[in-house]
Amino acid sequence: MDGVAGEARIRTVALVTNAASGSLAERGLDPGAPAAALAAAGLAVRPEPDPALPLRARLRAAASLPGIDALVVAGGDGTLACAAQALADTGAVLGILPVGTMNLLARDLGIPLDLRAAAAVIAGGRARAIDLGEVNGHVFAINSVLGMPARMARYREAERGRLSLAGLARFLAALLRNLGPSVRIGARLTIGGETRRVRFHTFAAVVGDYREGVGEVLSRGEVDRGRFTLYLLARLPARRLLRLGLGFAAGAWRALPDLDRREATDFTLHTRRPSLRVMNDGEAILLETPLTYRIRPGALRVLVPADGAGA
């Protein structure tokens with residue numbers, strides 16, 4: 001893959017589309033729409049070598065195609081985390097066509113959610129280096145979450161694309177079960193050589209930090225500051241979950257009781273449990289403990305708007 005510095009000079013791209021991503025799977029978006037948008041932006045699109053391979057292998061194969069200027073991924077945040085795993089610290093450039101459910105990374109970088117507008121960013125944007133996080137060798141671009149949200153991810157996936165009252169009832173029942181005090185996780189948190197015992201209902205390691213303001217729900221202001229922001233919520237009963245939601249809406253959620261916030265470049269979570277369910281960029285995986293985290297500054301180059309909207 002050819003290098004691109006500063007203002008991008010993108011002419012030929014490889015495209016990998018995750019047909020299971022939110023907009024494609026749930027909204028009936030034409031699977032050919034990403035390629036059509038790139039072509040409309042004047043880009044030559046190289047077909048991926050073997051679409052039948054698993055997603056991670058597809059991404060690696062497409063990124064290794066000769067003569068391309070960027071790897072373009074049409075998918076959601078989980079798909080982009082897979083791409084980040086493949087491209088981290090290689091100098092290769094990633095183009096984003098956001099067709100996921102949340103599209104948090106695209107929003108953080110100022111990339112428009114409209115496919116044609118996003119393709120125009122790929123054709124005429126600039127390459128920006130952003131930080132990545134890593135836990136036990138698994139890369140993420142936004143956050144890594146433990147506790148209740150990670151456990152709930154499997155219920156979300158089970159109901160994906162099957163909206164029904166019965167499915168909603170199952171989800172709400174699972175949510176109430178996971179709000180009880182018995183599901184809290186006890187661990188030893190080691191940062192900078194200092195260890196303390198913690199017990200949490202929800203834990204998040206955010207690459208950079210979240211903004212706090214009206215309408216700023218899970219949006220980050222800095223993606224290249226070389227640090228994590230850790231959020232540890234000791235208790236999360238139903239009333240506090242409601243208060244947290246209202247706090248996000250009002251832009252004043254950091255004052256929530258029992259919310260511990262701190263910064264780190266690397267840390268370790270030790271627990272007696274042999275494994276923990278971890279949700280990286282919205283995708284849940286089971287990892288052996290201890291969990292060892294580190295920040296990877298400037299590890300991924302992404303095409304963002306040339307006018308600085310993604311700065």
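This is a predicted model: local features need pLDDT of at least 70, side-chain atom pairs count only at pLDDT 80 or more; totals for chains, interfaces and linings use all residues.
**Entry on the whole chain.** I noted nine helices and 18 strands in the protein, and I found that 52% of its 311 residues count as buried. Among contacts with a separation of 6 or more, 71% are between residues 24 or more positions apart.

**Entry on S18.** I located this strand at residues 291–304, where 10 of the 14 residues are buried. Strand S4 (residues 93–98) runs parallel to S18 and is joined to it by two bridges, with Leu94 standing opposite Val302. I then turned to S5, which runs antiparallel to S18 and is joined to it by nine bridges; here Gly133 stands opposite Ile295. Strand S15 (residues 266–270) is also antiparallel to S18, with four bridges between them, and I saw Thr268 opposite Thr292.

**Entry on Asp131.** I went back to S5, residues 126–135, to look up Asp131, which lies within this strand. Which side chain of opposite charge is nearest to Asp131? I found Arg225, 7.4 Å away, and Asp131 is buried yet has no salt bridge, a salt bridge being counted only within 4 Å. I did find that the side chain of Asp131 reaches two backbone nitrogens, that of Gly226 at 2.6 Å and that of Gly298 at 2.7 Å. Leaving aside residues up to four places away in sequence, I listed what Asp131 touches, including Ala141, Val207, Val223, Ile295 and Pro297.

Technical notes: Residues are numbered from 1 along each chain as its sequence is written. Side-chain values use heavy atoms; hydrogens and water are left out. Buried means under 20% relative accessible area, exposed over 50%, partly exposed in between (1.4 Å probe, protein chains only). Contact means heavy atoms within 4.5 Å. Lys and Arg count as positive and Asp and Glu as negative; His and the chain ends are not counted. A polar contact is a pair of N or O atoms within 3.5 Å; within protein, one must be able to donate a hydrogen and the other to accept it, and residues adjacent in sequence count only if both atoms are side-chain atoms. Two strands pair if DSSP finds at least two bridges between them.
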